[in-house]
Amino acid sequence: MQAWPYPLYIGHRGAGKTAPENTLAAMRVGAQYGYRMFEFDTKLSGDGTLILMHDDTLERTSDGVGRVAALGYGELMRLDAGSWQGSRFAGEPIPSLARILTWLQAHEFTANIEIKPCPGRERETGAAVALEVQALWKKGVVPLLSSFSQEAIEAAREAAPDLPRGLLLHEFQADWREQCAALGCMALHANQRWLDEQIIAEAHEAGLRVLTYTVNDPQRAQELIDAGLDGLITDAVDVISPGV
Ligand code: G3P
Ligand code: MG
């Protein structure tokens with residue numbers, strides 16, 4: 001297996017539900033709990049800036065309305081992506097990927113960047129993420145890219161072949177080894193519902209690392225860690241301690 005420089009504990013969307021997801025505030029909260037690696041979702045604004053956002057629409061996690069892809073970055077950056085998680089986060093902006101990459105490096109943290117394209121923008125988004133990470137990441141452990149979209153991973157690979165990649169699988173698929181191999185992925189990012197000790201062992205035998213999402217129960221976390229898990233993506237940053 002290739003060298004694995006990543007921490008075992010990874011804050012989901014920054015710091016799970018303890019802070020507004022996919023914001024700098026969330027990563028600051030996660031860091032306060034001792035986390036040094038953050039999973040977050042990234043997609044393109046209407047005018048081609050990479051931003052952090054899970055949904056294709058704005059309503060759930062900001063005071064904006066409509067589709068992310070319908071707005072330019074100048075409009076998106078003026079939205080409030082914090083108030084929905086409490087007044088102490090009021091005014092927290094939707095960050096650009098560039099801003100987050102700067103912050104991560106300044107603190108010697110790293111990330112699992114989930115490429116989450118709006119429909120129809122898979123290749124464009126995958127390539128953009130890879131090129132931006134390649135251009136802006138200067139020091140420290142380079143972020144691990146992942147996606148449910150094979151098209152996005154392929155485009156990221158073509159744009160920046162040396163960046164590490166992982167394949168996200170929501171449901172078990174018997175050909176996960178072949179899928180990872182075809183995409184040049186070094187890691188399988190499995191939904192914790194179907195992950196077990198045997199799959200972790202088989203992945204390791206195939207030279208793959210294994211991450212899982214989203215584990216919020218400390219007992220389940222320990223079970224998977226004992227089975228040899230390489231990365232645990234959790235919302236429960238206030239309960240599951242990285243022990244640093
Ligand atoms: O990358 C792991 C996890 O974040 C994938 O699911 O929907 O939370 O982005 P989702
Ligand atoms: Mg995600």
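Reader: Why are β8 and β9 called paired?

Author: β8 and β9 are joined in the parallel sense over 2 bridges; two strands pair if DSSP finds at least two bridges between them, so the term applies. Leu-211 stands opposite Gly-231 in β9. The chain crosses from β8 through α8 to β9 in a right-handed β-α-β crossover, where right-handed means that, with the strands pointing away from the viewer, the path from the first strand over the helix to the second runs clockwise. Helices (H or I, at least four residues) and strands (E, at least two) are DSSP runs, numbered from the N terminus.

Reader: On what basis do these descriptions rest?

Author: This is a predicted model, in which local features need pLDDT of at least 70 and side-chain atom pairs count only at pLDDT 80 or more, while totals for chains, interfaces and linings use all residues. Residues are numbered from 1 along each chain as its sequence is written, and side-chain values use heavy atoms, with hydrogens and water left out.

Reader: Why is Arg-13 called buried?

Author: The relative accessible area of Arg-13 is 17%. Buried means under 20%, exposed over 50%, and partly exposed in between (1.4 Å probe, protein chains only); therefore Arg-13 counts as buried. Arg-13 is found in the loop between β1 (9-11) and α1 (24-32).

Reader: What makes Glu-108 exposed or buried?

Author: Glu-108 has a relative accessible area of 67%, which is over 50%, so Glu-108 is exposed.

Definitions and conventions:
Chains are lettered from A and ligands numbered from 1 in the order in which they are written.
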